[in-house]
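Thank you for passing this structure along for comment.

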Amino acid sequence: MAVDVKDFAVGMELPPVSKYMTQDKFNAYEACGKRSYRGIHEDEEVAKKEGLGQTIASGMMSVMYLHEPMIKAFGVGWEHGGKLRLSFVRPTLHGDTLTVRTVVKEIVKEKIGDNEVDRVVFDAWLENQREEKVSVGWASGLVGPTDVLRQFSGGFGSWLKDIPAAAKVKPDTQIIWERIVVGEDFGPYEYTPMQEDLDEYRAAAEDQTALFTTVGRKHHSELYNLRYVHGGGINAGHESTNINPPTMGKKLKVYGKIPDKYIRRDKPYVMLDEYTIDEDGREIESAIHRSLRDPKECGKKWWGDKLS
């Protein structure tokens, strides 16, 4: 797909993408993660136990949906060097309609090696049928020669390929904010995505152009679950950089590290850096995931006195 920077101008909006949300769609997305438990997105009893009024869509579904207009607009410039950052500010419920909105904010120059390319930056958000924003942030794609874009690098593959996979242990400790240590690392762990996983992810995304099955796998959950029993947290935001789409049938190695944790407005947050390469040492993506380690705070804000 030939993309020209002249196709974009500040204030221009990409065609909106709308998705009608149902519990079945929540379940389909969660199934991409291959987890053996049901959580706040699938099980109402679990959701209420965690302090929520009902099941809610994962904030990562917003990330999944934002990929759609960007891959269609940029092609290779999204696969290699595409970036996004979203904060999840309002729950999405069964029966809501989400619409992805993207408006060009600026166009800036960027270097890949000795070559200059253009990065088109969008204000990005997802809103429901009441025009309430549920996720807010930005996204950007690259425009330039295909051979140059494919040289985009995250700079972490050389050190990650030399770290051996961690031994598997059965966690027996609940993750709480006080136990998290800044600098603590997780993994690496390995798994192999197959064609059926890509098919499943595309069905969940309702997008046959979707490529990054890693969004459905939710590496942050798998990294935490290497050491801690699941539960006790809720997605607050996600930032990611696409480097190369994963190749089905090639093993992936995923590593994580805690760069920071903090209290904001009396709420406990944890940051998790994530890095993924494949069996050939090819960089796949990097991400920064933010979680609120007390879901009851969301329950108080959005359901208040309705909570039993």
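1. A definition is needed before anything else: a residue is called buried when its relative accessible area is under 20%, and exposed when that area is over 50%. Please also keep in mind throughout that this is a predicted model. With a relative accessible area of 2%, Phe74 falls under the 20% limit and is therefore buried.

2. How many aromatic pairs does the protein hold? The count comes to 10. In one of them, the ring centres of Phe8 and Phe74 lie 4.9 Å apart and the planes meet at 5 degrees, so this pair is classed as stacked. Phe8 belongs to the segment before β1 (17-20), whereas Phe74 sits in helix α3 (residues 60-74), and the pair therefore ties together parts that are 66 residues apart in sequence. Phe8 and Phe74 are both buried.

3. Phe74 also takes part in an aromatic pair with Phe122, which is edge-to-face, with 5.9 Å from centre to centre and 85 degrees between the planes. Because Phe74 is in helix α3 and Phe122 in strand β4 (residues 115-127), this pair ties together parts that are 48 residues apart in sequence. Phe122 is buried, and its relative accessible area is given as 0%. Elsewhere among the aromatic residues, Phe156, Trp159, Tyr255 and Tyr275 are linked by ring pairs into a cluster.

4. Gly187 and Pro188 are joined by a cis peptide bond, for which omega is about 5 degrees, and Pro188 is part of strand β6 (residues 185-191).

5. The other two places concern phi. Lys218 is not a glycine, yet its phi is positive, at about 55 degrees, and Asp266, again not a glycine, has a positive phi of about 65 degrees. Lys218 is found in the loop between α8 (214-217) and α9, while Asp266 is found in the loop between β9 (261-264) and β10 (267-278). Are these residues buried or exposed? Lys218 counts as buried at 4% relative accessibility, whereas Asp266, with a relative accessible area of 72%, is exposed.

6. With its neighbours within four places in sequence set aside, Ile263 is in contact with Trp177 and Pro268. The C-alpha atoms of Ile263 and Arg227 are separated by 23 Å, and these two residues are 36 residues apart along the chain.

7. Glu196 is part of helix α7 (residues 195-205), and it counts as exposed because its relative accessibility is 53%. From C-alpha to C-alpha, Glu196 and Ala210 are 13 Å apart in space, and they are 14 residues apart in sequence.

8. Turning to the chain as a whole, the protein has 10 helices and 11 strands. Why may its overall form be described as agreeing with a compact globule? For 308 residues such a globule would have a radius of gyration near 19 Å, and the protein has 19 Å, so the two agree. Taken along the principal axes, the C-alpha atoms fill a box of roughly 55 × 50 × 40 Å.

9. Of the 308 residues in the protein, 54% are buried. Among contacts with a separation of 6 or more, 75% are between residues 24 or more positions apart. The protein exposes about 14100 Å², of which carbon and sulfur atoms supply 48%.

Definitions and conventions:
Residues numbered from 1 in each chain as written. Predicted model: local features only at pLDDT ≥ 70, side-chain atom pairs only at ≥ 80, totals over all residues. Heavy atoms only, no water. Helix = DSSP H or I, 4+ residues; strand = E, 2+ residues; numbered from the N terminus. Rg over C-alpha atoms; globule rule 2.2 N^0.38 Å. Buried < 20%, exposed > 50% of the residue type's maximum accessible area, 1.4 Å probe, protein only. Contact = heavy atoms within 4.5 Å. Areas by Shrake-Rupley, 256 points an atom, 1.4 Å probe, with all protein chains shown as cover. Phe/Tyr/Trp six-rings, centres within 6.5 Å; stacked < 30°, edge-to-face > 60°.
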